[in-house]
Amino acid sequence: EPHNSAESRRLVDDYKSSVNMESRERQRFAMSSSTSGKNKQTGNVASLMIEQYEQYFAAERYDDALAALLEAVRLGETSRTVFSNIGLLMQHNQHFTDAIDYFTKAIAYDPMQSVDYLHRAECYTSLDCPADAFGELEKYFKLEEPTKLLLVMCGKNALDAENLERAEYYLKTALAKTDEVDTVNDAYAYFNLGELEERRHNDDVALQHFLRVCEVDPTFPQPYLSQAEDEYAKGNYPFALHLFEAVAKMTPNEAPVYLRLADVYDHLGEEFTSSVLNCLTKAVELNADDQAEHERTLVRRGVLLYT
């Protein structure tokens with residue numbers, strides 16, 4: 001498998017060392033060679049632009065840093081590092097398509113620099129192109145040992161690309177990576193495995209994965225719940241519904257979540273009346289120990305049934 005080919009990565013490391021040595025030799029030769037006055041002047045200006053970039057970047061003046069690098073390229077600077085740094089600054093500015101173009105130029109100069117594949121994967125993920133992101137991560141894994149975070153990221157992109165077999169492989173590989181303690185990504189892996197089994201219509205298996213989420217990280221649903229409440233308060237009911245549904249999968253025995261789902265469905269219109277009733281019925285089953293809330297939910301359901 002691409003992520004655990006230690007021999008392949010050893011050969012890559014040997015190749016990188018030889019390429020770096022050859023690159024240094026070429027640089028020494030270039031510095032000792034004579035150049036025409038015009039080319040020398042242009043090269044000096046390009047070098048000044050690189051120096052300006054470094055100063056701007058250190059001062060967190062990223063737009064100015066980007067402008068300096070683009071000017072250096074216009075003047076003839078065409079190194080892999082310059083293209084990669086332009087890509088990073090484009091990515092920082094959320095110009096993801098342009099960033100991908102510059103990372104691609106960097107890869108053309110040196111296809112063994114793994115980080116450019118990783119950055120392309122991040123950009124494709126931001127552009128909601130999961131199949132492309134998945135492909136870039138698999139390229140990265142041929143060059144570097146993946147972290148649990150990247151294995152889960154790869155599995156999630158494979159899932160979004162409907163490549164369920166590979167998604168399952170990478171998510172389970174992440175969970176089997178015991179040399180890292182990362183409960184957040186363990187929880188996220190279980191959540192995505194639950195989503196995967198839902199797509200296979202294996203609801204019982206999906207439920208077991210969803211239940212594992214809070215077992216490994218009891219706090220994992222909280223950001224989802226907080227964002228769901230924020231979206232609900234802003235009137236963004238479809239997105240709030242998506243988030244509350246995710247929370248309900250992870251906490252299937254929490255009556256308040258079903259009550260909030262009922263609220264969201266209520267706002268979405270009369271065509272969701274049956275969904276409101278289902279959520280209220282589930283809440284009635286779960287909040288029997290809270291007499292006051294139980295009675296309020298029964299009354300609300302009753303009113304809906306007879307109107």
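## Nonpolar cores

The largest nonpolar core holds 55 residues. Leu137, Phe141, Leu150, Val213, Tyr224, Phe244 and Leu261 have the most contacts inside it. A second, separate core has 24 residues, including Val82, Leu89, Phe103 and Tyr124. A nonpolar core is a set of buried Ala, Val, Leu, Ile, Met, Phe, Trp, Tyr and Cys residues joined through side-chain atoms within 4.5 Å. Buried means under 20% relative accessible area, with a 1.4 Å probe and protein chains only.

Phe244 is in contact (heavy atoms within 4.5 Å) with Leu225, Ala228, Glu229, Tyr232, Val257, Arg260, Leu261 and Val264, leaving aside neighbours within four places in sequence.

## About the model

This is a predicted model: local features need pLDDT of at least 70, side-chain atom pairs need 80 or more, and totals for chains, interfaces and linings use all residues. Residues are numbered from 1 along each chain, and side-chain values use heavy atoms, without hydrogens or water.

## Helices α8 and α9

Helices here are DSSP runs (H or I, at least four residues), numbered from the N terminus. The axes of α8 (residues 148-160) and α9 (residues 164-176), lines fitted to C-alpha atoms over the stretch in contact, come within 8 Å and cross at roughly 160°. Angles run from 0 to 180 degrees between N-to-C directions. The crossing therefore makes α8 roughly antiparallel to α9 (over 145 degrees).

Residues of α8 in the contact include Leu151, Val152 and Leu159. Among those of α9 are Leu164, Tyr170 and Leu171.

## Asn185

Asn185 lies in helix α10 (residues 183-199). Asn185 counts as buried because its relative accessibility is 10%. Beyond residues up to four places away in sequence, Asn185 touches Lys148, Leu149 and Val152.

Key. Helix = DSSP H or I, 4+ residues; strand = E, 2+ residues; numbered from the N terminus. Parallel < 35°, antiparallel > 145°, perpendicular 65-115°, else oblique. Buried < 20%, exposed > 50% of the residue type's maximum accessible area, 1.4 Å probe, protein only.
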